Amino acid sequence: MTSKHDSYPPLLPPQNVIILPLYHRPNRHRFLRRCLYVTAALFLISSFIFLIYPSDPTLQLSRIHLNHIRVNSSPKLTLDFSISLTIKVHNRDFFSLDYDSLDVSVGYRGRELGLVTSNGGRVRARASSYVDAVLELDGLEVIHDVIYLIEDLARGVIPFDTDTRVKGQLGLFFFKIPLKARVLCEVYVNTKNQTIVREDCHPE
């Protein structure tokens with residue numbers, strides 16, 4: 001029989017128990033997959049912006065033909081000539097381009113001889129359109145340039161300066177974005193076979 005005075009083992013002091021969550025090692029494949037998705041999304045957005053971002057059309061003097069030229073000495077020194085030009089309008093965008101008019105100014109040795117304006121038109125997306133224009137001048141006084149003109153005619157090559165400008169609108173969904181282009185050319189025309197000997201163009 002046990003006595004009530006028998007000793008019991010001492011009670012242990014209370015202890016705090018900390019439960020740690022289960023540690024998961026980072027999934028490297030999942031991280032790489034997310035990076036790939038983000039990169040692909042940024043690439044698609046950048047490509048879409050690049051495709052719809054409007055750019056000005058490009059102009060090119062495709063053909064210039066000297067129809068006729070004549071120097072008149074009576075009653076005063078004048079010049080009669082006719083020039084036919086063909087301008088190439090290239091639309092680099094993925095939307096159609098509507099241009100109001102196309103202006104071509106023709107000059108000789110820094111002096112403007114005349115200006116011809118063609119009607120407006122439309123250029124399809126990623127396509128080109130050719131515009132024909134004819135400049136005819138009768139009785140143009142050439143007193144200041146007569147010596148150079150006689151020399152050029154004797155040599156068989158006449159240098160012309162052309163300034164071509166076009167203005168239009170790009171149809172982007174429901175919006176109309178104004179665009180314009182300009183190109184300056186120095187053209188040397190052979191008076192015998194009516195061909196372009198040399199052409200130097202600088203877009204602006």
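Reply: Cysteine 201 counts as partly exposed, because its relative accessibility is 30% (buried means under 20% relative accessible area, exposed over 50%, and partly exposed in between, with a 1.4 Å probe and protein chains only). The model is a predicted one, in which local features need pLDDT of at least 70 and side-chain atom pairs count only at pLDDT 80 or more, while totals for chains, interfaces and linings use all residues. Residues are numbered from 1 along each chain as its sequence is written, and side-chain values use heavy atoms, with hydrogens and water left out.

The partner of cysteine 201 is cysteine 185, and the two form a disulfide with their sulfur atoms 2.1 Å apart (a disulfide is a pair of cysteine sulfur atoms within 2.5 Å). A search of the whole structure finds 1 disulfide. The two partners may be read side by side: cysteine 185 is buried, at a relative accessible area of 6%, whereas cysteine 201 is partly exposed at 30%. The torsion about the S-S bond of cysteine 185 and cysteine 201 is about 110°, and the disulfide is therefore right-handed. Another cysteine may be noted here: cysteine 35 is partly exposed, with a relative accessible area of 34%.

Strands β8 and β9 run antiparallel, and 8 bridges join them (two strands pair if DSSP finds at least two bridges between them). Within this pairing, tyrosine 188 has arginine 198 in β9 as its bridge partner. Together β8 and β9 form a hairpin with 4 residues between them. In the turn of this hairpin, glutamine 194 has a positive phi of about 60°.

The structure holds 7 salt bridges (a salt bridge is a side-chain nitrogen of Lys or Arg within 4 Å of a carboxyl oxygen of Asp or Glu). One of them joins aspartate 152 to arginine 109, at 3.1 Å from N to O. Aspartate 152 lies in helix α2 (residues 146-155) and arginine 109 in the loop between β3 and β4 (111-118), so the pair ties together parts that are 43 residues apart in sequence. Aspartate 152 counts as buried because its relative accessibility is 0%, while arginine 109, at 39% relative accessibility, counts as partly exposed.

Aspartate 152 also forms a salt bridge with arginine 155, where the closest N and O atoms are 2.6 Å apart. Both of these residues lie in helix α2, and the 3 residues that separate them amount to about one turn of the helix. Arginine 155 is exposed, since its relative accessible area is 52%. The buried aspartate 152 is therefore in contact with the partly exposed arginine 109 and with the exposed arginine 155.

Aspartate 163 pairs with arginine 165, the closest N and O atoms being 3.4 Å apart. Finally, Asp98, Arg122 and Lys176 are linked in a network of salt bridges.

Definitions and conventions. Helices (H or I, at least four residues) and strands (E, at least two) are DSSP runs, numbered from the N terminus.
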